[in-house]
Amino acid sequence: MVEIRNVSKQYGSKNVVENVSLTIAKGKITSFIGPNGAGKSTLLSMISRLLSKDQGEILLEGKEIGQCKSNDLAKKISILKQTNHITVRLTIRELVSFGRFPYSQGNLDEEDWRYVDEAIRYLELEDIQHKYLDQLSGGQRQRAYIAMVVAQNTEYILLDEPLNNLDMKHSVQIMKVLRRLVDEMGKTVVIVIHDINFASCYSDYIVALKDGKVVKEGTTEDIISAQTLKDVYDMDIQIQNIDQNKICVYFA
């Protein structure tokens, strides 16, 4: 369980995250939704300790993350940011193997390669695993980065807009993979996501943010409502029930 207590972050005089408190349950998919500038990515980065908080506490299984050793934390929490810049020329397989660094320090053993192979298979990258990243489409590259995170085999997986650059087919594939990681392997997945219909169909819990504050949090049933979405996005959104999913119609 991750507990966030009265956490704030400022850039200059602007409160990017303001006095946020929430609990992220284990073994669930939790989605952060909200407009641009809501503080979603900043909050995710503070949970992973990529970004320092200005005040408050973030507890991982009861321990303040600031007290965790970096290598120990890397075995518990993995994160994929929106933008990833790697300057060296790598194949997919080589990139995915980086996920094992907290365990192997670069000297991978048989068990490490087993996790690499499993992650490549999970993301359906076997046929192109020896291709270089600069030979891939944006969607293939995104799947490779997610495979690297999966290979890290952490209990908590944080993903900042994992559907970037993906077409519909591969977006669905990624969300199904995340669902399987939770349902089959007991992982805890936290995602920043813009597409509220993917959040609605695949999440167990949704945190709606706006202007650095939590507007509302709860189950999909609680959050995907016309009034809550109007409070978050300042627009009228119709909700339709299709195959037991709440689908948001916002393009009309």
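This is a predicted model: local features need pLDDT of at least 70, side-chain atom pairs count only at pLDDT 80 or more; totals for chains, interfaces and linings use all residues.
## Briefing: strands, salt bridges and enclosed space

The side chain of Glu57 meets that of Arg5 in a salt bridge, with 3.5 Å from N to O. Because Arg5 lies in strand E1 (residues 2-11) and Glu57 in strand E4 (residues 55-60), this pair ties together parts that are 52 residues apart in sequence.

**The open sheet around E1 and E4**

- Four strands form an open sheet in the order E2-E1-E4-E5, with antiparallel pairing.
- The edges of this sheet are strand E2 (14-24) and strand E5 (63-64), each of which pairs on one side only.
- E1 and E4, the strands of the Arg5 and Glu57 pair, run antiparallel and are joined by 5 bridges.
- Within this pairing, Ile4 stands opposite Ile58 in E4.
- Arg5 has a relative accessibility of 35%, which lies between 20% and 50%, so this residue, too, counts as partly exposed.

**Salt bridges elsewhere in the chain**

- The structure holds 20 salt bridges, among them the contact between the side chains of Asp134 and Arg89, at 2.9 Å from N to O.
- That pair links distant parts of the chain, with Asp134 in the loop between H5 and H6 and Arg89 in the loop between strand E6 (77-80) and helix H3 (92-97), 45 residues apart.
- Asp134 counts as exposed because its relative accessibility of 53% is over the 50% limit.
- Asp204 and Arg179 also meet through their side chains in a salt bridge, at 3.0 Å from N to O.
- Asp204 sits in the loop between helix H8 (196-202) and E9, while Arg179 belongs to helix H7 (residues 168-185), so their contact ties together parts that are 25 residues apart in sequence.
- The two partners fall into separate accessibility classes, for Asp204 is partly exposed with a relative accessible area of 26%, whereas Arg179, at 18% relative accessibility, counts as buried because its value is under 20%.
- Salt bridges that share partners join Lys26, Glu61, Lys76 and Glu155 into one network.

- Strand E3 (residues 29-33) is largely enclosed by the rest of the structure, because 5 of its 5 residues are buried.
- Ile29, Ser31 and Ile33 point one way from E3 and Thr30 and Phe32 point the other way, and the residues of both groups are all buried.
- E3 pairs in the parallel sense with strand E8 (residues 188-192) over 4 bridges, and in this pairing Ile29 stands opposite Val189 in E8.
- E3 also pairs in the parallel sense with strand E9 (residues 205-210), again over 4 bridges, and here the bridge partner of Thr30 is Tyr205.

**The largest pocket**

- The largest pocket contains about 340 Å³ of space.
- Its lining consists of 16 residues, of which Leu50, Ala74, Ile77, Ile79 and Gln152 lie nearest the centre of the pocket.
- Helix H2 (70-74), E6 and H6 each supply at least two residues of this lining, and the largest share, 4 residues, comes from E6.
- By class, the lining of the largest pocket has 9 nonpolar, 5 polar and 2 charged residues.

**The largest cavity**

- The count comes to 1 cavity of 30 Å³ or more, and the largest cavity has a volume of about 30 Å³.
- Tyr115, Glu118, Val150, Ala151, Asn153 and Met185 line the largest cavity.
- Helix H5 (110-122) and helix H6 (138-151) each supply at least two residues of this lining.
- The lining residues of the largest cavity divide into 4 nonpolar, 1 polar and 1 charged.

How values were computed: Residues are numbered from 1 along each chain as its sequence is written. Side-chain values use heavy atoms; hydrogens and water are left out. Buried means under 20% relative accessible area, exposed over 50%, partly exposed in between (1.4 Å probe, protein chains only). Two strands pair if DSSP finds at least two bridges between them. On a 1 Å grid over the protein atoms alone, a cavity is a set of points where a 1.4 Å probe fits but cannot get out, and a pocket is an open set with protein on both sides within 12 Å along at least five of seven lines; lining residues have an atom within 4 Å of a point. Grid points are joined across faces, edges and corners, and a volume is the space filled by probe spheres set on the points. Ala, Val, Leu, Ile, Met, Phe, Trp, Tyr, Cys and Pro count as nonpolar, Asp, Glu, Lys and Arg as charged, and the others, Gly among them, as polar. A salt bridge is a side-chain nitrogen of Lys or Arg within 4 Å of a carboxyl oxygen of Asp or Glu.
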